[in-house]
Structures are given as structure tokens and as C-alpha cells.
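Dear colleague,

Please find the structure below, handed over for your own analysis. The notes that follow it set out what was found.

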Amino acid sequence: GTEVFVRNSMFENCETGIAVKDSSKLTLNKGTFIGNRIAWNSYKKKWRWQTGGTGTIRDSQFLDSVEADIAGDKFSRVGFEGGIPKNLKIKGKISVAAISRS
């Protein structure tokens, strides 16, 4: 149930670059993911939480992800400001949407 803001960060050759779970919210601004197995994973881990992880992604790039750029379960969602990147590799039932810039 936390809220985190991350900016100007690089995640390279990780099993999971970022994991967001159990009603936590993460806003990523200017992130770069290179060669990770899964770049971003959102999910509900514990039964007591109503939702999984949610996120907002701005001005970020996903390069050479092995399994998925975005992964997650049906309880989670992620929004891309300015539109969903082309050729984004999505795994699972996570809700992925374009959102307008605020």
C-alpha cells in the first residue's frame, strides 16, 4: 500500500526491473530497462489487498526484455502517458492503457 516516485533510473540485466504489488502505486519518469527478464511486474501477492500494483510510466524505454516488458495479473494496471509504446511485450492479464499527460 505504498506510493513511490522513481525518475532517471536504469534497470539492466535484472530478473525483474521493478515489482509493484498489493495496492502499491509507482510513478516512473524517464526510466530505461535493458535486457531484463521482466522489466515491470505488477501483481496482488496477499489476499488482504483489494488490488495488485498500479503504475504510471512517462518517457521510458523498454529494450531487449527476455520474457516481458510489462507483466501482471488481473488485479493490476499500468498507464503510459502519451501512448503505449509500439511492440510492447505484455504477459498476463494486467490492464495496460494509454493515459493523457497531466
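Ser24 is found in the loop between β2 (16-21) and β3 (25-34); strands here are DSSP runs of E, at least two residues long, numbered from the N terminus. The model is a predicted one, in which local features need pLDDT of at least 70 and side-chain atom pairs count only at pLDDT 80 or more, while totals for chains, interfaces and linings use all residues. Residues are numbered from 1 along each chain as its sequence is written, and side-chain values use heavy atoms, with hydrogens and water left out.

With a relative accessible area of 10%, Ser24 is buried (under 20% relative accessible area; exposed is over 50% and partly exposed in between, with a 1.4 Å probe and protein chains only). A polar atom of the Ser24 side chain lies 3.2 Å from the backbone nitrogen of Gly1, and a distance of 3.2 Å likewise separates the backbone nitrogen of Thr2 from a polar atom of that side chain. Leaving aside residues up to four places away in sequence, Ser24 touches Gly1, Thr2, Gly52, Gly53 and Thr54, where contact means heavy atoms within 4.5 Å.

Three aromatic pairs are found in a search of the whole structure. Rings of Phe, Tyr and Trp (its six-membered ring) pair if their centres lie within 6.5 Å; planes under 30 degrees apart count as stacked, over 60 as edge-to-face and the rest as tilted. Phe11 and Phe33 are stacked, at 5.0 Å centre to centre and 15° between the planes. Phe11 belongs to strand β1 and Phe33 to strand β3, so this pair ties together parts that are 22 residues apart in sequence. Both Phe11 and Phe33 are buried.

The Phe62 and Phe80 rings have centres 6.1 Å apart and planes at 70°, so this pair is edge-to-face. Phe62 is buried at a relative accessible area of 14%, and Phe80 is buried at 3%. Ring pairs link Phe11, Phe33, Phe62 and Phe80 into a cluster.

Kind regards

Notes. Helix = DSSP H or I, 4+ residues; strand = E, 2+ residues; numbered from the N terminus. Polar contact = N/O pair within 3.5 Å; in protein donor to acceptor, adjacent residues only side chain to side chain.
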